[in-house]
Amino acid sequence: MEALGTFKKELSSARKIVITTHVKPDADALGSSLGLYNYLIRKGHEVTVITPSDYPYFLTWMKGNDEVLDFSSYTDREKAQAKLTTAEIIFCLDFSALDRVNAIGDLIRKSNAYIVNIDHHQDPEDFADFRLWSTSAAATCELVYELIVALGDQALIDKAIASCLYAGIMTDTGGFRHPNTTKNVHLVVAELIEAGADSAKIANLIYDSNSINRLKFIGFAITRRLVILKDLHTAYFVISKKDLKKYQSQTGDTEGLVNYALSLEGIKLAALFSEREDGIKISFRSSVEVPVNKFAADHFQGGGHVNAAGGKSSLSLKKTVERFESLVQEHQEALFHAQVESIH
Ligand code: 5GP
Ligand code: MN
């Protein structure tokens, strides 16, 4: 952790603080934001969480959700803009590139506030005054927990804070299944459970809140929209705007879909292409030995983690998929050359 001195001083009196996170926040993005929010409120600061967009309904149980301002919403924007302009400290959580927060990025660039970046993604941009960054952290929530402990405030972690932080660690480790599920992850979640996080309830709130439309959509996608390139160890979903409309897709409904493609035997690279208002959104997932973040950064203006990354494309859905197929073909050596380590 970088020296805490100046950072601690910044927080030593009541401050106007904004916390922001990446577009379409997931449980780690929103959980770290609201976990930190609830902590800073307890410390007596004036805090606002601003998201660049809306987020899935299965995250709305987190304490502080009702106070979150959505920068993309007409009704919240003016207030959010004012909060960003007058903020003395801005926390940037779960992202390290300013293009991940859409229009908020410009306000951060222009701001005179003390900027704090807490994140675990690769290749961070240098825009912060204080950075707590580690790619060996499974989740930004793990780093927020460590920050609170380093500030000597572990005792302030109550049930609400613990639940927000637990949610992000649970989802960013894929339910404690991904290789980032370290000993430290288990030690941290043990403390969060001790502080009041109810592990079964949080899992239930996040994973068992499907609408029937979402289940039907997943069934449809697997039956009709899954393409398997067996020889290339690759499988991908192609979801059009029309498909999303037909199943009345809500924010969050496509989350996790890409994992079904990766769960196929022999598949090492999985992708999901979904046609959105502002272009094609792409999710990549891969088995341990395939570095998909580099592929996303090199070819699809994206990035992320070694085995879970994302990107975008401004080509048509069809052209994007054609390009993807030929890139996988072309780069198969680099993508798949590593040997799978035996676990025996
Ligand atoms: P998801 O597929 O769940 O949207 O994203 C997977 C991972 O890739 C997340 O860690 C996310 O932050 C990252 N990611 C997704 N889309 C983008 C993107 O457009 N740019 C960058 N740099 N990272 C992305
Ligand atoms: Mn994260």
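**Close-up views of a predicted model**

**Figure 1. Helix α2 passes helix α6 in a left-handed crossing.** A crossing is called left-handed if the near helix is turned anticlockwise from the far one by less than a right angle, and right-handed if clockwise. The structure is a predicted model, in which local features need pLDDT of at least 70, side-chain atom pairs count only at pLDDT 80 or more, and totals for chains, interfaces and linings use all residues. Residues are numbered from 1 along each chain as its sequence is written, chains are lettered from A and ligands numbered from 1 in the order in which they are written, and side-chain values use heavy atoms, with hydrogens and water left out. Helix α2 (residues 27-42) and α6 pack at an angle of about 160°, and their axes are 8 Å apart; α2 is therefore roughly antiparallel to α6 (angle over 145 degrees). Axes are lines fitted to C-alpha atoms, for helices over the stretch in contact, and angles run from 0 to 180 degrees between N-to-C directions. Residues in the contact (heavy atoms within 4.5 Å) include Ala27, Asp28 and Gly31 of α2 and Gly168, Thr171 and Asp172 of α6. Helices (H or I, at least four residues) and strands (E, at least two) are DSSP runs, numbered from the N terminus.

**Figure 2. Asp28, Asp94, His120 and Asp172 coordinate the manganese ion (ligand 2).** Donors are N, O and S atoms within 2.8 Å of the metal (3.2 Å for Na, K and Ca); water is not among the atoms, so sites may look incomplete. In sequence, the donor residues follow the spacing D-x65-D-x25-H-x51-D. His120, in the loop between β5 (114-119) and β6 (130-133), and Asp172, in helix α6 (residues 159-172), are 52 residues apart and link distant parts of the chain. Both His120 and Asp172 are buried (under 20% relative accessible area; exposed is over 50%, partly exposed in between; 1.4 Å probe, protein chains only).

**Figure 3. Thr20 lies in strand β1 (residues 16-21).** Thr20 is buried, as its relative accessible area is 0%. The side chain of Thr20 reaches the backbone oxygen of Ile50 at 2.7 Å. Among the residues that Thr20 touches, not counting those up to four places away in sequence, are Ser33, Pro52, Phe91 and Val101.

**Figure 4. Asp278 occupies the loop between β9 (269-276) and β10 (279-286).** Asp278 is exposed, with a relative accessible area of 76%.

How values were computed
Polar contact = N/O pair within 3.5 Å; in protein donor to acceptor, adjacent residues only side chain to side chain. Parallel < 35°, antiparallel > 145°, perpendicular 65-115°, else oblique.
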